[in-house]
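Take a moment to look over the model below. Then read on with the structure in view.

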Amino acid sequence: MDVKIVDVDLGDRRYPIHIGAGILAALEGRLNYAIKGRRVFIITDSNVMPYAQRVSEAAQSMGAVFTGIYELAPGEQSKSYEALRAVHEWMLGHAINRNALIMAVGGGVIGDLAGFAAATVLRGVPFVQIPTTLLSQVDSSVGGKTGINTPQGKNLVGCFNQPVSVIADIETLKTLPKRQVLAGYAEIVKYGFLGDYNFFEWLETNGRSVVSLDPSSLVQAIETSCRAKARIVQADEREGGVRALLNLGHTFGHALEAAAGFNDTLLHGEAVSIGMVMAFDLSTRMGLCPQADLDRVRRHLSDIGLPIRPQGIKTTVDEMIDSMRRDKKATDSGMTFILVKGIGQAFLTQSVPEDIVRAVVADYL
Ligand SMILES: NC(=O)c1ccc[n+]([C@@H]2O[C@H](COP(=O)([O-])OP(=O)(O)OC[C@H]3O[C@@H](n4cnc5c(N)ncnc54)[C@H](O)[C@@H]3O)[C@@H](O)[C@H]2O)c1
Ligand SMILES: [Zn+2]
């Protein structure tokens with residue numbers, strides 16, 4: 001099967017996203033970077049160690065003078081100050097220099113942490129994203145947001161740092177638990193909901209093949225998602241405007257994740273799935289979106305196997321509203337929402353009457 005290449009055009013920081021099956025086995029020529037004579041630092045987690053080893057072997061065969069793998073514990077707790085410090089000290093201990101290349105092999109946790117470590121060690125060393133979850137292949141590896149969590153919340157410390165290239169090998173998804181595949185799918189269908197009605201229509205027919213990892217549907221869905229994200233990031237790299245549309249469903253979603261305690265009881269993609277339904281519901285109640293579109297959104301997500309309402313999460317309307325006010329997107333003037341005029345027509349607004357938001361939240365708890 002062909003390898004698809006999506007270009008993220010950010011001028012002198014432009015980079016390619018390679019999407020295909022089995023491309024980790026043939027890395028040469030895909031890194032946008034000559035490895036020969038360089039020191040290569042691979043950051044990964046224990047669930048994806050075999051892929052990191054494959055990358056390490058490839059780097060050696062391409063003439064790297066040093067390759068090392070740093071293995072973190074899987075899970076969100078590795079996006080921490082402690083892990084960042086450990087990674088920094090490991091790299092410095094192995095004589096990293098500005099000529100080196102850092103490679104993130106794993107899901108969004110590894111990509112976010114490694115990207116931030118790469119931005120900050122020696123004031124910046126180039127890095128490559130090798131995403132191994134569906135979510136990271138369609139979302140977190142593209143666009144340059146990197147960072148860690150703090151006790152005050154998720155992703156509160158970080159920076160924008162674009163990779164030199166992204167290599168998404170769909171073969172790696174074969175070992176990904178089904179629940180994680182579905183969570184990644186939520187971010188795929190998000191691109192349809194926010195700005196591409198035709199893509200959503202295509203997913204209504206092909207979504208099941210995507211989540212069952214049929215190679216050609218999967219590559220097409222990842223490619224379309226990356227193109228959508230690239231287009232938005234090119235227009236607004238630092239989220240001054242249109243990039244915020246990528247947060248469709250995330251204001252409600254983050255509040256639900258916070259209530260669930262940011263753990264495996266509710267995965268990010270699951271929270272986004274519910275949050276998108278709530279955003280469509282809010283838009284419908286405000287008379288902006290046809291009821292038929294809300295019904296279609298619900299039907300599709302539940303057909304695929306994603307949750308459309310929270311289950312077993314103990315929280316209150318006040319707690320949810322409080323949490324939404326503290327969202328990073330919130331401004332001094334209040335909560336920001338991504339609403340829709342229908343499938344494929346999202347927009348950003350700050351004028352949402354709080355009583356309607358409360359009514360929606362109350363209905364879902
Ligand atoms: N930077 C961004 O723009 C951006 C966007 C969205 C999400 N994120 C961040 O991404 C993180 C979530 O990413 P994620 O969903 O990829 O989570 P993750 O990195 O925690 O991966 C999920 C789980 O799957 C395992 N795993 C990864 N690849 C595997 C494979 N191929 N086979 C078997 N197991 C595998 C991991 O070890 C982990 O246990 C969050 O921290 C979120 O904040 C960042
Ligand atoms: Zn998300």
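This is a predicted model: local features need pLDDT of at least 70, side-chain atom pairs count only at pLDDT 80 or more; totals for chains, interfaces and linings use all residues.

Residues are numbered from 1 along each chain as its sequence is written, chains are lettered from A and ligands numbered from 1 in the order in which they are written, and side-chain values use heavy atoms, with hydrogens and water left out.

Start with ligand 1. It is surrounded by 24 residues, where a residue is near if one of its heavy atoms lies within 4 Å. The closest are Lys79, Gly108, Thr132, Thr133 and Thr175. By class, the shell holds six nonpolar, 10 polar and eight charged residues. Here Ala, Val, Leu, Ile, Met, Phe, Trp, Tyr, Cys and Pro count as nonpolar, Asp, Glu, Lys and Arg as charged, and the others, Gly among them, as polar. Helix H3 (108–120), helix H4 (134–140) and strand E8 (153–160) each supply at least two shell residues. Helices (H or I, at least four residues) and strands (E, at least two) are DSSP runs, numbered from the N terminus.

Now look at the ligand's nitrogen atoms. One lies 2.8 Å from an N or O atom in the side chain of Thr132. A polar side-chain atom of Asp112 is 3.0 Å from a nitrogen atom of ligand 1. The protein covers 88% of the 860 Å² of accessible area that ligand 1 has on its own; such areas come from the Shrake-Rupley method with a 1.4 Å probe.

Asp112 also belongs to H3, where it is buried. Buried means under 20% relative accessible area, exposed over 50%, and partly exposed in between (1.4 Å probe, protein chains only). After H3 comes Leu122, with a positive phi near 50°.

Next, the zinc ion, ligand 2. Which residues coordinate the zinc ion? They are Glu187 (OE), His250 (NE2) and His268 (NE2), at 2.0 to 2.1 Å. Donors are N, O and S atoms within 2.8 Å of the metal (3.2 Å for Na, K and Ca); water is not among the atoms, so sites may look incomplete. His250 sits in helix H8 (residues 250–260) and His268 in helix H9 (residues 268–285), 18 residues apart. His250 is buried, because its relative accessible area is 5%.

Finish in the loops. Phe262 is found between H8 and H9. Its phi is positive, near 50°, though it is not glycine. Glu239 lies in the loop between helix H7 (215–235) and H8. Its phi is about 55°.

Definitions and conventions:
A polar contact is a pair of N or O atoms within 3.5 Å; within protein, one must be able to donate a hydrogen and the other to accept it, and residues adjacent in sequence count only if both atoms are side-chain atoms.
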